[in-house]
Amino acid sequence: MAIEDIVGRIAGDLEHLKRYTATPKAGCTRLPFTKEARQAVDYLKTIMAEAGLEVKEDAAGNVFGTLAGSDPTLPCVMMGSHYDSVVHGGDYDGIAGVICAVETARQLKERGIQPKRNFVVAGFCDEEGMRFGTGYFGSGAMLGKRDVAYCKRFRDTDGISIYEAMQAYGLDPNRIEEAAWPEGSIGCFIEAHIEQGPMLDAGNIEIGLVDCIVGIQRYMITVNGRADHAGTTPMDMRMDAVEAATKVISKIPDWAREKADGTVATTGFIRTIPGGMNIVAEQCEFTVDIRSRNNDNINDIVRRISAALDRETEAIGGSYEMDNKLTITPVNLSQGMLSVMEESCKEHAFSYQYLPSGAGHDALEIGQVLPTVMLFVPSKDGRSHCPVEFTRYSDLAKAAVVLLDLAEKLLTE
C-alpha cells in the first residue's frame with residue numbers, strides 16, 4: 001500500500017475521533033469513564049473489528065484487538081497507547097499511537113503476513129491521571145497493579161471515586177483484578193506517540209527513537225493552619241496555611257534546576273480553603289510533579305520538600321499531609337527493538353534521532369516489567385496538552401511504516 005493511502009486512513013480515523021470531546025472547539029477533553037471515553041472506545045472497537053481483529057474490552061476499560069498468530073500460546077507482541085486526554089488537551093496525544101497500532105494491524109493483514117504469535121493492539125484507559133490525580137490506570141491494571149482498594153481510594157474533584165465512576169460507566173470495579181494478564185503472556189510492548197516537545201520539529205527530524213523515559217513522582221500536599229479574619233488577625237498571630245505552603249513551593253523549581261540532568265519539578269494545582277479573599281486560609285492544597293532520568297534526583301527533591309514542610313508548618317503551629325499519588329522509576333528502553341527501528345529508518349530514508357522522553361507514558365509503566373520501546377513523531381512547535389497541539393498525518397504514516405517493519409520481525413522470528 002502506498003504511504004498516501006496510509007496517510008488517508010490515519011487522517012480519517014483521527015478526524016473522526018476529534019468529535020469525542022466534552023469541550024468542542026476548545027480542545028480535546030476525554031476523561032476516563034465518561035460519555036466521550038465510551039464513544040471513543042466504541043469507535044476503536046469498530047475499526048479494530050473492520051481490520052479483522054478479535055476485540056474485547058476488559059474490566060479496567062481498556063480495549064484490545066488481537067490478530068491471532070499460528071501459536072497463540074507464545075508471548076504476544078503488544079502495540080498501542082491511551083485514548084483519554086487532559087482537560088482542553090490536543091487531538092493526538094495518546095490516541096494517535098492507538099491509531100498507528102490499528103494501522104499496523106491493517107497492513108499485516110493486507111500484506112498477508114502470517115504471525116507466529118498474537119499481535120495485540122491496545123487502547124489504554126486513563127494514562128493521563130487527569131481526573132483522579134493518579135495515572136496509568138489501564139496499563140497498571142493489565143500488569144496486575146490495580147485492585148478494589150485502589151479504585152476506592154482515589155477521587156476526582158467532585159468526590160467521585162474511581163470505583164463509583166467505573167460503576168456509572170458500566171464496568172464492575174469488583175472485577176478489576178480480572179484485567180491482569182497472566183505472567184509471560186506479553187512478550188514486549190511498543191508505543192508510538194507524539195513527542196510533546198520541540199526537539200524533532202525544531203530539527204526537522206521525522207522519527208524519534210526513544211531510549212529512556214524519565215521517572216515520575218507525584219504528590220498531593222495539604223498544609224493545615226487556622227482560618228481567621230484577614231483584617232483583625234495580627235501577622236504574628238496567624239496560622240496561615242498559604243504562607244507556609246508558598247514558602248515551600250517557591251523553592252521547588254530551584255531545587256530541580258540545581259540537579260540539572262533534565263530534572264524538572266512542577267506545582268500545577270493550588271487550592272485554598274475556605275478560599276475567601278478576606279479569610280486567612282485554613283488549608284492550602286497543592287500538587288508536585290517531579291521527573292528525572294536519575295531517580296536519586298527525584299528522591300532528593302522529595303526529601304527537601306518534606307524537610308521544608310516540617311520547618312514551615314512548625315513555624316506557624318500547623319501541620320501537613322503529603323499523599324503520594326504516583327511513583328514510577330526511570331526506564332531504559334529495549335536496545336534490540338531500537339536497532340530494528342533504526343535500520344527501518346535508514347531503509348526508508350527517514351531522518352531520525354535518539355532522545356529521551358521527558359513525559360511519562362504507558363510505556364513507562366509497562367517498561368518496568370517488560371521489554372518496551374517507544375517511537376516519537378514531531379509535535380508542531382513542541383506544543384502539547386493544549387488545543388493547538390498538532391502532528392502531521394504524513395509523519396504518523398511514516399511511523400506506521402517503521403512500526404510495521406518492527407512488528408513483522410518480532411512476529412515472524
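Let's start with a quick one: is His88 buried, partly exposed or exposed? His88 is partly exposed, as its relative accessible area is 37%. For those words, buried means under 20% relative accessible area, exposed means over 50%, and partly exposed is in between, with a 1.4 Å probe and protein chains only.

Before I go on, some housekeeping. This is a predicted model, so local features need pLDDT of at least 70 and side-chain atom pairs count only at pLDDT 80 or more, while totals for chains, interfaces and linings use all residues. Residues are numbered from 1 along each chain as its sequence is written, and side-chain values use heavy atoms, with hydrogens and water left out.

Okay, back to His88. You'll find His88 in the loop between strand S3 (76-82) and helix H3 (95-110). When I say helix or strand, I mean DSSP runs numbered from the N terminus: H or I with at least four residues for helices, E with at least two for strands. His88 isn't a glycine, yet it has a positive phi of about 55°. Gln196 is another non-glycine with a positive phi, about 70° in its case. Gln196 sits in the loop between strand S5 (186-194) and helix H7 (199-203), and at 17% relative accessibility Gln196 counts as buried. Why point these out? Because most residues other than glycine have a negative phi, and most peptide bonds are trans.

On that last point, the peptide bond from Ile273 to Pro274 is cis, with omega near 10°. Pro274 lies in the loop between strand S10 (270-273) and strand S11 (279-280).

Now, the pocket. The largest pocket holds about 1600 Å³ of space. A pocket here is an open set of points on a 1 Å grid over the protein atoms alone, where a 1.4 Å probe fits and there is protein on both sides within 12 Å along at least five of seven lines; lining residues have an atom within 4 Å of a point. The volume is the space filled by probe spheres set on those points.

So who lines the largest pocket? There are 48 lining residues, and Glu128, Met130, Arg218, Thr287 and Asp289 lie nearest the centre. They divide into 15 nonpolar, 15 polar and 18 charged. Several strands supply at least two lining residues each, including S7 (215-224), S12 (283-292) and S13 (319-328). S12 gives the most, with six residues.

While we're on S12, look at Glu285, which is in that strand. Glu285 counts as buried, at 13% relative accessibility. Its side chain makes a polar contact with the side chain of Arg271, at 2.6 Å. A polar contact is a pair of N or O atoms within 3.5 Å, where within protein one must be able to donate a hydrogen and the other to accept it, and residues adjacent in sequence count only if both atoms are side-chain atoms. Glu285 also touches Met220, Phe269 and Ile273, among others; touching means heavy atoms within 4.5 Å.

Next, the inside. In soluble globular proteins, nonpolar side chains tend to be buried together. The largest nonpolar core here has 79 residues, and Leu14, Phe33 and Phe119 touch the most other members. Helix H13 (residues 393-412) gives the most to this core, with 13 residues. Apart from it lies another core, of 26 residues, among them Met142, Ile216, Leu326 and Phe376. By core I mean a set of buried Ala, Val, Leu, Ile, Met, Phe, Trp, Tyr and Cys residues joined through side-chain atoms within 4.5 Å.

If you zoom in on Phe119, its contacts include Leu67, Val77, Met79, Leu108 and Leu411.

Leu200 lies in helix H7, and its relative accessible area is 0%, so it is buried. Among the residues Leu200 touches are Ile205, Leu355 and Phe376. Then there's Cys188 in strand S5, buried at 7%. Cys188 touches Cys76, Val77 and Leu410, among others. Along the chain Cys188 and Pro75 are 113 residues apart, but their C-alpha atoms are separated by 8.0 Å.

That's my tour. Over to you.

Technical notes:
Ala, Val, Leu, Ile, Met, Phe, Trp, Tyr, Cys and Pro count as nonpolar, Asp, Glu, Lys and Arg as charged, and the others, Gly among them, as polar. Lists of a residue's contacts leave out its neighbours within four places in sequence.
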